[in-house]
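Student: I have a structure open and would like to talk it through. Could we start with the overall picture and then move to single residues?

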Amino acid sequence: DNVEWSEEQEANARSKVQENSSQLLPQDKQEEYEVNANRYWDDFYKIHENGFFKDRHWLFTEFPELASNRNPTQNEVSGYKCGYKEESNSEGLGSCENGHCSLETRAENQLNVTRSTPEFCTQQPATQKHREPNPGDGHYPGSSATYRILEVGCGAGNTVFPILQTNNDPGLFVYCCDFSTVAVDLVQTNAEYDSSRCFAFVHDLCNDQSPFPMPEESLDIVILIFVLSAILPEKMQCVVKRLSRLLKPGGMILLRDYGRYDLAQLRFKKGQCLSDNFYVRGDGTRVYFFTQDELDDLFRTAGLEKIQNLVDRRLQVNRGKQMTMYRVWIQCKYRRP
């Protein structure tokens, strides 16, 4: 955990990025990836369904705000050192498909975080799928809840379902949305999807005219896990502002995403770079690699105050293949005053 990089290692990483970004994709190809972004993510989830990204059981160590105890200590909220442990077994690390490195999820599955026994819930009727209610009349999914969480970019539910399984707060309601219709279908057809505690919906974050099913200033938590990096960089500020307006005073955005010079960035080849630190994978999905300052600027410009902004540099070793892998992630917590 929190591995210190030498000057030589950072210089080598910088050189690798300069090399793989020296040839940019033509503008017409870049526009194609933007216009067809939802199709590429639909295809991704059709292929992998819920078998690629695993449940993130580290959530409640890194983000205690998601557990049933909603009063974390100051050290838990503002500490600048990641506090979870990994088991010694790291066999299986190092798999990448089409540029989607599963290192972060496979390693996180080894974390020693206690889970409650999952409850099997009823599915939502098909007639309710993908409907986005108008919250203007005061009646909307979760309107009677006392603690509301929204996960943006929910995928197959790898964050939503651990929250529902672990957090037994009777006042909890979890919203989750994704750009991909296929991903939302996977959530809604999961045996643990409970429409009395959760509402999944399709949503395009970059479309200002796309309504949310809840009113502004109604959420306690917004979760962004490996999501903001998939958005066109020039649209990120608008997205963060939209999400910040959903927060109650005192509500927080929790983010975990790719950091600059992460292994996934260094593995890209020439011809996959769209712009500075922004790449397209082999399957057409895209990814950006952040610095702390970039994220701080995005959140502060949206009127939020910093609670946490840290870099987690981690060394992972695949003993079977004798491989060492350096991962770089950024974790943030920003609060609406």
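**Surface, core and a few residues**

Tutor: Bearing in mind that this is a predicted model, the protein chain exposes about 14800 Å², and carbon and sulfur atoms supply 45% of that area.

Student: How many helices and strands does the protein chain have?

Tutor: The secondary structure of the protein chain comes to eleven helices and twelve strands, and buried residues make up 54% of its 337 residues. Among contacts between residues at least 6 apart in sequence, 78% join residues at least 24 apart.

Student: Which residues in the largest nonpolar core touch the most other members?

Tutor: Those are Leu66, Leu150, Leu228 and Leu243, in a core of 85 residues. As a general point, nonpolar side chains in soluble globular proteins tend to be buried together.

Student: Take leucine 66, then; what is it in contact with, leaving aside neighbours within four places in sequence?

Tutor: With those neighbours left out, leucine 66 is in contact with Leu59, Phe60, Ile149, Ile163, Asn167, Ile221, Ile223 and Leu254.

Student: Switching to lysines, is lysine 333 buried or exposed?

Tutor: Lysine 333, which lies in strand β12 (residues 323–335), counts as buried because its relative accessibility is 0%, where the cut-off for buried is under 20%.

Student: And what does the side chain of lysine 333 make a polar contact with?

Tutor: The side chain of lysine 333 makes a polar contact with the side chain of glutamate 65, at 3.2 Å, and a polar atom of the lysine 333 side chain also lies 3.1 Å from the backbone oxygen of glutamate 62.

Student: What about lysine 29, where does that one lie?

Tutor: Lysine 29 lies in helix α2, which covers residues 27–35, and it counts as partly exposed because its relative accessibility is 31%. Lysine 29 and leucine 274 are 245 residues apart in sequence, while their C-alpha atoms are 9.2 Å apart in space.

Student: Last topic, helix α8: why is it described as largely enclosed by the rest of the structure?

Tutor: Six of the eight residues of helix α8 (residues 181–188) are buried, so the helix is largely enclosed by the rest of the structure. The buried residues are Val182, Ala183, Val184, Leu186, Val187 and Gln188.

Student: Which residue caps the N-terminal end of α8?

Tutor: Serine 180 caps that end, with a side-chain oxygen 3.2 Å from the backbone nitrogen of valine 182, and valine 182 is itself one of the buried residues of α8.

How values were computed: Residues are numbered from 1 along each chain as its sequence is written. This is a predicted model: local features need pLDDT of at least 70, side-chain atom pairs count only at pLDDT 80 or more; totals for chains, interfaces and linings use all residues. Side-chain values use heavy atoms; hydrogens and water are left out. Helices (H or I, at least four residues) and strands (E, at least two) are DSSP runs, numbered from the N terminus. Buried means under 20% relative accessible area, exposed over 50%, partly exposed in between (1.4 Å probe, protein chains only). A polar contact is a pair of N or O atoms within 3.5 Å; within protein, one must be able to donate a hydrogen and the other to accept it, and residues adjacent in sequence count only if both atoms are side-chain atoms. A nonpolar core is a set of buried Ala, Val, Leu, Ile, Met, Phe, Trp, Tyr and Cys residues joined through side-chain atoms within 4.5 Å. Contact means heavy atoms within 4.5 Å. Accessible areas come from the Shrake-Rupley method with a 1.4 Å probe; for residues, only the protein chains shown count as cover.
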